[in-house]
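This briefing is for a reader who is new to the structure shown below. It starts with one residue and then goes through the topics in turn.

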Amino acid sequence: MKMKRFITNSACHILLAILSVIWVLPIFYVVLTSFRAEGGSYKTYIWPKGFTLDNYKELIQGVNSKIQGGTSIDFTRWFMNTFIIAIFSTLLAAFFVLCVSYVMSRLRFKMRKPFMNIAMILGMFPGFMSMIAVYYILKGLGLLETGTLKQLSLVLVYSGGAGLGFYMAKGFFDTISRSIDEAAYIDGATKWDTFIRITIPLSKPIITYTLITAFMGPWVDYIFAKVIMGNDTKYYTIAIGLWTMLEQEYVEYYYTQFYAGCVLISIPISILFLLTQKCYVEGVTGAVKG
Amino acid sequence: MGIFKKKAASEFDKPRDAGALKIMKEGNTVTRLSFLVFGLGNILNKQVVRGLIFLALEVLYFIFLFTFGIGAIGDFITLGTVEQGQVYNEALGIYEYSTGDNSMLCLLYGVITFVLTAGVIFLSCMSAKSAYCTQIRRQKGQEIPTFMDDIRSLKEENLHAFLLTFPIIGIIVFTIVPLIFMILIAFTSYDHSHQPPGNLFSWVGLENFASMLSSSSSLAATFWPVLVWTLIWAVTATVSCYILGLLLALLINRKGTRAKGFWRFMFVLSVAVPQFVTLLTMRTIFNANGPVNVLLRELGIIGVTESVPFFTDSLYAKITIICINIWIGVPYTMLSTTGILQNIPADLYEAAKIDGANAATIFRKITLPYMVFVMTPNLITSFTGNINNFNVIFLLSGGGPDSLEYYYAGKTDLLVTWLYKLTITQKDYNLGAVIGILVFVILATLSLLTYHRTGSYKDEGAFQ
């Protein structure tokens with residue numbers, strides 16, 4: 001019996017190890033290329049001939065364009081731009097999502113089922129189908145006048161429709177026992193108190209999930225950011241900035257710096273995940289037993 | 001649970017859930033007049049603040065309507081009549097542009113006016129309902145709530161209104177209005193030869209749909225094959241990512257596994273790296289001169305000058321994309337299922353163990369039904385997401401390899417990437433909008449059918 005368990009456990013660990021290698025290898029390649037001393041894009045070999053920190057140095061100090069009249073690289077600034085936008089849109093989006101999911105899960109009112117159906121219907125339209133219209137609405141509201149306002153409008157674009165993505169959190173709230181709510185009502189708590197004091201503290205895993213997904217948005221979105229920022233390089237987010245570095249005319253100059261940039265932006269997101277990791281480790285089941 | 005249902009049913013008999021028709025039938029004159037003069041019933045019954053707020057909103061709307069709204073609706077019908085033209089300025093001796101109507105703005109302002117009007121109709125019902133509630137309270141001799149009571153009720157019976165207001169405003173401005181706008185575009189001639197502000201476009205009815213679906217045109221010859229590939233892609237991508245991700249999560253979560261956090265971290269690392277980075281890296285790795293081909297050459301599997309056409313052959317490209325998508329999607333599923341797996345009541349497992357169930361039975365009878373119950377809406381969302389999965393296709397293959405038989409589309413193009421090419425590259429906004437609507441129709445039919453059949457829709461309380 002003990003032997004059998006030992007074999008199963010070892011097999012599982014070996015399987016996990018093999019899978020991890022497959023999943024980590026491409027990331028390793030990104031890191032490897034970011035330290036590559038030779039510039040230029042594709043090479044006929046995998047292991048770099050030399051290693052250097054210059055890619056990172058150039059990136060952080062900023063590079064004036066190597067092409068006449070081209071975009072200069074201002075990575076630090078782009079990083080801060082994205083970071084600020086991400087923080088604000090995460091807070092707003094998480095607030096929206098939690099509000100809507102709690103209402104859909106716990107409160108009963110006439111418009112509830114219609115709202116859920118409408119939300120699902122809206123989710124079925126291709127997201128950027130409405131991009132052009134959003135652009136003109138923002139323009140009409142005067143939100144595209146200056147760079148700072150453009151950043152505000154990006155925050156709004158990323159978080160505005162977030163309330164529609166409530167399914168995951170609602171599914172989670174549905175699994176929290178109702179008897180806890182009942183107990184709170186008997187003790188004289190209002191529904192609002194129950195939401196803030198009981199449901200939210202019990203929902204750490206799903207809040208973490210909501211926060212992480214919302215935080216990722218601005219770092220990975222290219223299309224909306226590009227449409228709204230246009231050629232305003234100073235206010236670029238990381239994604240458009242890095243993308244610019246891969247454009248045909250820049251790729252031969254900035255290829256390795258591009259990978260250095262990728263490594264740098266992955267760091268804050270990984271740290272964030274490490275911080276929230278402990279929310280997953282402790283399941284809420286222990287606390288929510290009715 | 002039965003108790004909740006009964007309670008819910010009786011709540012709907014309250015006056016605050018009365019429909020507009022019922023109010024018209026049972027309300028007194030003041031209540032009925034409240035449909036037209038907002039807040040009338042409240043003001044006459046000492047709820048002055050509530051009434052005045054209603055009234056102020058109505059006045060604001062009418063000011064908007066008379067200064068701007070009526071003109072906007074007129075322009076909406078014609079989509080502009082004055083074309084931008086050139087006028088010869090004799091003093092300067094040059095041609096100057098005279099501003100014409102901008103059809104696009106006409107359409108947009110029209111839509112905004114309609115949405116505001118819909119909002120006011122809703123407000124009118126609210127006003128009448130509020131008057132009706134007060135009327136009923138009076139008849140029953142109950143106390144009439146003051147403004148402070150109204151505010152307090154936002155924490156209790158009106159909590160849903162309080163919590164939903166801001167999310168809904170966001171949804172209306174950033175999702176609904178743009179969507180209505182784009183849907184209307186599908187019925188116009190807004191293509192590459194009708195670009196405002198230089199040219200006007202006009203309503204053309206169902207013409208765009210006809211040319212997209214009819215059998216003879218080159219548009220239809222592109223649409224159907226692209227649609228088939230989109231469906232194959234969506235099914236394969238969703239199912240593979242979900243099952244493999246769930247298995248991975250179980251593998252990490254099982255009791256015997258050590259260092260759970262470490263393994264989770266190894267996989268989530270690929271989530272932490274922004275998606276476009278991994279996608280572009282993958283594209284580099286599978287490039288004709290990329291590391292994978294270099295490796296295959298060095299191992300002697302293919303010739304020194306040969307390369308596997310990962311993205312240039314249509315079949316290879318499709319398989320490569322699905323595999324890469326598994327690489328990307330599995331950690332996401334793992335991440336989202338972990339939280340829910342931990343939320344399965346532990347006593348279910350304990351009871352099963354006492355009854356002598358083995359691991360396979362527990363998975364089949366407890367874990368899987370529970371996961372499917374909680375995750376069905378999520379599965380549908382991810383299926384929808386895959387049909388609309390722009391990033392993966394656009395960044396990996398860009399829709400290529402290109403095909404001459406298609407109208408500006410490649411062999412791996414999904415409907416959405418084709419939509420992108422049509423709108424951004426080709427500026428055929430109307431065709432793009434038609435595709436958007438067709439995608440929607442397909443998704444709506446598929447998911448409404450499945451969603452209504454699932455447990456989590458019919459019986460939300462099953463696991464409570």
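In which helix of chain A does A:Thr256 lie? A:Thr256 belongs to helix α13, which covers residues 251-281 of chain A. The model is a predicted one.

**A:Thr256 and its surroundings**

- A:Thr256 has a relative accessible area of 3%, and it counts as buried because that value is under 20%.
- Apart from its neighbours within four places in sequence, A:Thr256 is in contact with A:Thr33, A:Ser34, A:Arg36, A:Glu38 and A:Asn55.

**Chain A as a whole**

- Chain A has 14 helices and 0 strands.
- Chain A has 290 residues, and 56% of them count as buried.
- Taking the contacts in chain A between residues at least 6 apart in sequence, 70% join residues at least 24 apart.
- A:Thr237 is placed in a loop of chain A, between α11 (223-229) and α12 (238-246).
- The relative accessibility of A:Thr237 is 0%, so this residue counts as buried.
- Leaving aside neighbours within four places in sequence, the contacts of A:Thr237 are A:Trp78, A:Thr82, A:Ile85, A:Leu154, A:Pro218 and A:Ala225.

**The interface of chain A and chain B**

- In the contact between the two chains, 101 residues of chain A meet 107 residues of chain B.
- The size of an interface is often given as the accessible area lost when the parts come together.
- For chain A and chain B the buried area is about 9700 Å², and carbon and sulfur atoms give 76% of it.
- On the side of chain A, the residues that lose the most area to chain B are A:Trp23, A:Met124 and A:Met129, which together make up 8% of what that side buries.
- Helix α1 (residues 2-34) of chain A gives the most to the side that touches chain B, with 16 residues.

- A:Trp23 is found in helix α1 of chain A.
- With a relative accessible area of 8%, A:Trp23 is buried.
- Neighbours within four places in sequence aside, A:Trp23 is in contact with B:Phe267, B:Ser270, B:Ile326, B:Trp327, B:Val330 and B:Pro331.
- The side chain of A:Trp23 reaches the backbone oxygen of B:Trp327 at 2.7 Å.

**Aromatic rings**

- Over all chains the count is 35 aromatic pairs.
- The rings of A:Trp47 and A:Phe51 have centres 6.2 Å apart and planes at 75°, so this pair is edge-to-face.
- A:Trp47 is exposed at a relative accessible area of 52%, whereas A:Phe51 is partly exposed at 49%.
- The rings of B:Phe390 and B:Phe394 have centres 4.8 Å apart and planes at 20°, so this pair is stacked.
- B:Phe390 and B:Phe394 are separated by about one helical turn because they are 4 residues apart in helix α17 (residues 390-396) of chain B.
- B:Phe390 is buried, with a relative accessible area of 6%.
- One aromatic cluster is formed by B:Tyr61, B:Phe62, B:Phe64, B:Phe66, B:Phe68 and B:Tyr109.
- The charged end of A:Arg77 sits over the ring of A:Tyr235, at 5.5 Å from the centre of that ring.

**Salt bridges**

- The count over all chains is 8 salt bridges.
- In chain A, the side chains of A:Lys57 and A:Asp54 form one of them (3.9 Å, N to O).
- Both residues lie in helix α2 (residues 54-61) of chain A, where A:Lys57 and A:Asp54 are 3 residues apart, about one turn of the helix.
- A:Lys57 is partly exposed at 47% relative accessible area, and A:Asp54 is partly exposed at 41%.
- In chain B, the side chains of B:Arg50 and B:Asp150 meet in a salt bridge (2.8 Å, N to O).
- This pair links distant parts of the chain, 100 residues apart: B:Arg50 is in helix α5 (residues 48-78) and B:Asp150 is in helix α7 (residues 147-153) of chain B.
- B:Arg50 is partly exposed at 21%, whereas B:Asp150 counts as buried at 16%.
- The side chains of B:Arg152 and B:Asp149 also meet in a salt bridge (3.2 Å, N to O).
- B:Arg152 and B:Asp149 are about one helical turn from each other because they are 3 residues apart in helix α7 of chain B.
- B:Arg152 counts as exposed at 54% relative accessibility, while B:Asp149 counts as partly exposed at 28%.

Key:
Residues numbered from 1 in each chain as written. Chains lettered and ligands numbered in written order. Predicted model: local features only at pLDDT ≥ 70, side-chain atom pairs only at ≥ 80, totals over all residues. Heavy atoms only, no water. Phe/Tyr/Trp six-rings, centres within 6.5 Å; stacked < 30°, edge-to-face > 60°. Buried < 20%, exposed > 50% of the residue type's maximum accessible area, 1.4 Å probe, protein only. Helix = DSSP H or I, 4+ residues; strand = E, 2+ residues; numbered from the N terminus. Lys NZ or Arg CZ within 6 Å of the ring centre and 35° of its normal. Contact = heavy atoms within 4.5 Å. Buried area = accessible area lost by both parts, 1.4 Å probe. Polar contact = N/O pair within 3.5 Å; in protein donor to acceptor, adjacent residues only side chain to side chain. Salt bridge = Lys/Arg side-chain N within 4 Å of Asp/Glu carboxyl O.
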